[in-house]
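Welcome! Work through the exercises below with the model beside you, and compare your steps with each solution.

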Amino acid sequence: MQNTDQKNEKKQIPAAETGPGISLLKNISLESLKEEYINSADMISGSRFIFAGSEFILNKTAEAAAAKYGMSLKTYAKSIDPVMIFLLYEMIQIHLIKSVTVSATYYNLGSAILSAGHDSGHAIDVTAIAFKDGTGDAFFRDIDNNMVEPTPVKILYDCLVAREEILDLYSPWRILFGSGGMKRPVPNEWNKYPLEIYSDKKNHPEIYRMWQHRQHLHLRIRKK
């Protein structure tokens with residue numbers, strides 16, 4: 001028979017071993033963190049709620065997806081895995097995040113490959129992040145007129161990509177396709193190709209993937 005300490009230890013989330021500031025929440029349980037997030041989402045007002053001192057905003061794309069799948073915004077906001085909640089919580093603490101604009105939690109495109117983790121709660125799409133210290137906001141949007149990765153985006157991406165929980169990490173500037181065997185990010189060069197190439201999902205899936213993520217950050221975690 002297990003003692004109480006052993007039972008509690010199993011509930012705790014092991015801290016990742018790489019990346020700056022990773023061990024901040026090593027003693028917080030999945031259960032308590034999930035409960036806090038659910039309680040926060042239950043308090044949603046319009047399309048906004050406060051979690052861990054940061055405002056979460058579900059944009060029009062998220063609202064449309066919730067309606068499509070017959071979900072309330074409360075349910076849609078809560079359609080993420082507890083480990084994703086842990087990652088978001090720690091990201092907020094490390095980077096002093098003021099707000100997170102979300103464009104997708106759940107969607108199902110008919111297969112696990114096409115749904116890219118969104119069908120199981122293991123992925124979230126983010127279009128903007130604002131920081132409390134005023135160092136500049138991170139916008140993930142069309143980069144036709146801004147090819148240089150902004151400093152706030154670079155700092156955030158570099159920290160996230162070092163996390164052991166991360167499987168895929170797509171942004172308008174870089175692509176980590178870990179679910180496809182990729183070990184390190186490559187530049188997102190979708191706009192270097194003509195329309196007939198980057199929009200050809202069947203014959204050029206890797207370029208289509210770049211094009212598809214020219215306007216948001218896609219975080220996908222590993223299944224435990």
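**Exercise 1.** Which helices and strands each supply at least two residues of the lining of the largest pocket?

*Solution.* Begin with the ground rules. This is a predicted model, where local features need pLDDT of at least 70 and side-chain atom pairs count only at pLDDT 80 or more, while totals for chains, interfaces and linings use all residues. Residues are numbered from 1 along each chain as its sequence is written, and side-chain values use heavy atoms, with hydrogens and water left out.

Step 1: the elements are α3 (60-68), β3 (97-104), α6 (112-115), β6 (166-170), α9 (205-212) and β9 (217-221). Helices here are DSSP runs (H or I, at least four residues), as are strands (E, at least two), numbered from the N terminus.

Step 2: α9 gives the most, with four residues.

**Exercise 2.** How do α2 and α5 pack?

*Solution.* Step 1: helix α2 (residues 30-42) and α5 have axes 9 Å apart, at an angle of about 80°.

Step 1: α2 and α5 are therefore roughly perpendicular (65 to 115 degrees).

Step 2: Leu 30, Leu 33, Lys 34, Glu 36 and Tyr 37 of α2 make contact (heavy atoms within 4.5 Å) with Pro 82, Val 83, Ile 85, Phe 86 and Tyr 89 of α5.

Step 3: this contact has eight nonpolar, no polar and two charged residues.

Definitions and conventions
Axes fitted to C-alpha atoms, helices over the stretch in contact; angles between N-to-C directions. Parallel < 35°, antiparallel > 145°, perpendicular 65-115°, else oblique. Nonpolar A, V, L, I, M, F, W, Y, C, P; charged D, E, K, R; others polar.
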